[in-house]
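Here is a short report on a protein structure. Keep the picture in view as you read.

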Amino acid sequence: MGILAVPGIDDKFFNLTLFLQNLTNALANGAVYALMALTVVMIYKTTGHLNFAQGEMAMFSTFIVYVLVIEQGFNVWAAIVLVVLGSMVVGAGIERILIQPLERRSVLAPVILTLGLFFILNGGAATIWGTQPHSPIPAPFPGKLDDKVDIITNRVPHFFVTYKAIGVWITLVVLVLLLNLLLKRTKLGLAYRAVAANAESSLIVGIPVKRMLMLGWALAAGIGAIAGAVIAQYRNVLDFNFMAAVLLFGFAAACVGGFDSILGAVVGGLLVGVVETFTPALFTFVGSELSLVMVLLVILIVLYFRPQGLFGSKRVERV
Amino acid sequence: MTTMLKVSNLEAGYGPIQVLRGVDLYVDEAEVVVLLGANGAGKTTTIRAICQMIDTKGSVDMCGVELVGMRPEKMAGKGMAHVPQGRGTFPELTVEENLQVGAYVRKDRAAIREDIDHSYTLFPRLGERRGQLAGSLSGGEQQMLAVARAMMCRPRLLLLDEPSLGLAPLVIQSLFDRFSALNKDEGVTLFIVEQNANVALDIADRAYVIEAGRIVLTGGADELRENDAVRRAYLGF
């Protein structure tokens, strides 16, 4: 039995339950993009770099979760916590050992380095775990066929929400709340935001700026590790390439929302998810392969009117 | 009188370009010392070298501690505060958060709270705007915030880099009145880099003149005010 019984208002142009089902998928996909956009934002805020290896770092972390859970028999959440902590250490280490020495050379060098990381992690995972999709996939949330909330069942198609989708939303909400708590309520968070606002003045007041850059990478790697595990279950795929497309949409989301805004990452992610899902549904001449083009169109429109993104802050170059 | 800061044979620059060619100067405790110079003479570089924000050679001695070779983020803990040229504030933080960040090296939370409230009595405009983002303040208010923020680490030595830059004459006057009060009432030693020699010499005890990376003239503030070269170059006579 569904929760709601809805009288028939459908006609050949509009099917309510189909619409609601599409919307749910759109918002769940959108939350997935928002998670990756968050990781992009955490690094961009302090360092001003885009990390192209973000998705592959998350992919690698997810494979470690896979090894711990499926091969070693760990509890899935225990494994995620371990991998998140490990990923944070590795993320901070990458910043310290690989990025920092390049920082003085040029703006482009660290970005090129993250491209290199992308290929190393991507190829490394393919070498270690092969190129075939892996299953079973570790399941942070209940993911069997009937693990869903039926909402409308007296219409065709049925409208339901899977626990996996709810899990993605919960993950996003909890992470955003925790990040807000960290950034707005702690001295560490204040120092992180100070470095994002003015790195030179941060040095003057005694903030170890380089450690804050490492913190940005640590947070991004940690969020990516959770996101990877949740995304693998939600999309039901775990292979060496599974994060590449997700990160592309995550970049799109961060671009729309503003590269330095947490709120922007969330709104941008959801917006990208809605555009991606609904343009093929609304305009039949747009096949699903073209939905990325529609997303790019939205980016173009948003950036035309707000070059800093919907919630990004305008940066004035300081001399 | 004890020496607060003693700079000897200071050399610094940017990459292959050497700006400072052996600067010597000292600042005594509770003094107000001004460094005058034209554009490109090395005023800002002197301050940045003292703060270890650029690679330096020579010696910067603060109360017996050698600073050359230390990391720049260690300066605040040594009792040295610095208001950089232009906007030394954190535009995306509120006024109150700017002051909290200023106290980053301190652990005494209750006293930090008191000092923030004290800043609001010193600079009432900041108190009115405590919840506002610093980036939305006017130029003069931002400069006041930068000074109040610098005072939050309870410095013994405050370095000010062209605090009058881009401000209206009335605002400049009131800002320098505050500097004078900080020196007299709170006992803070001031080292001020300025192009606006008139207003700076008004509150200074002594002054240095820097040209092409070297100190070319030094003396009491009144003495320099009467010096013909200084009058022509910096006082507009």
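## Two helices of chain A

Start with helix H2 (residues 54-71) and helix H3 (residues 76-103) of chain A. They pack at an angle of about 140°, with their axes 9 Å apart. Axes are lines fitted to C-alpha atoms, for helices over the stretch in contact, and angles run from 0 to 180 degrees between N-to-C directions. Helices (H or I, at least four residues) and strands (E, at least two) are DSSP runs, numbered from the N terminus. H2(A) and H3(A) are therefore oblique to each other. Angles under 35 degrees count as roughly parallel, over 145 as roughly antiparallel, 65 to 115 as roughly perpendicular and the rest as oblique.

Which residues make the contact? H2(A) supplies A:Met57, A:Ser61, A:Ile64, A:Val65, A:Leu68 and A:Val69. H3(A) supplies A:Val76, A:Ala79, A:Ile80, A:Leu82, A:Val83, A:Ser87 and A:Gly91. Two residues are in contact if their C-beta atoms, placed from the backbone, lie within 7 Å. By class, this contact of H2(A) with H3(A) has 10 nonpolar, 3 polar and no charged residues. Ala, Val, Leu, Ile, Met, Phe, Trp, Tyr, Cys and Pro count as nonpolar, Asp, Glu, Lys and Arg as charged, and the others, Gly among them, as polar.

## About the model

This is a predicted model: local features need pLDDT of at least 70, side-chain atom pairs count only at pLDDT 80 or more, and totals for chains, interfaces and linings use all residues. Residues are numbered from 1 along each chain as its sequence is written, while chains are lettered from A and ligands numbered from 1 in the order in which they are written.

A:Leu182, A:Leu183, A:Lys184 and A:Arg185 of H5(A) meet A:Leu188, A:Gly189, A:Tyr192 and A:Arg193 of H6(A). The contact of H5(A) with H6(A) divides into 4 nonpolar, 1 polar and 3 charged residues.

## Where the chains touch

Chain B puts 20 residues into the contact between the chains, and chain A puts in 18 residues. On the side of chain B, helix H2 (residues 95-102) gives the most, with 4 residues. That side has 11 nonpolar, 6 polar and 3 charged residues.

## The sheet of chain B

Chain B holds an open sheet of 6 strands in the order E6-E7-E8-E3-E9-E10, with mixed pairing. Two strands pair if DSSP finds at least two bridges between them. Which strands lie at the edges? They are E6 (80-83) and E10 (214-220), and each pairs on one side only. On average, neighbouring strands are turned by 15° against each other, direction ignored.

E9 (residues 206-211) of chain B pairs with E10(B) in the antiparallel sense over 6 bridges. B:Ile210 stands opposite B:Ile215 in E10(B).

## Backbone details

One runs from A:Ser135 to A:Pro136, with omega near 0°. A:Pro136 sits between helix H4 (108-129) and strand E1 (148-152). Another joins A:Val156 and A:Pro157, with omega about -5°.

B:Cys63 has a positive phi of about 50°, although it is not a glycine. B:Cys63 is partly exposed, with 15 other C-beta atoms within 10 Å. B:Glu162, also not a glycine, has a positive phi of about 45°. Is B:Glu162 buried or exposed? B:Glu162 counts as buried, with 21 C-beta neighbours inside 10 Å. A residue is buried if 20 or more other C-beta atoms lie within 10 Å of its own, exposed if 12 or fewer, and partly exposed in between; C-beta atoms are placed from the backbone.
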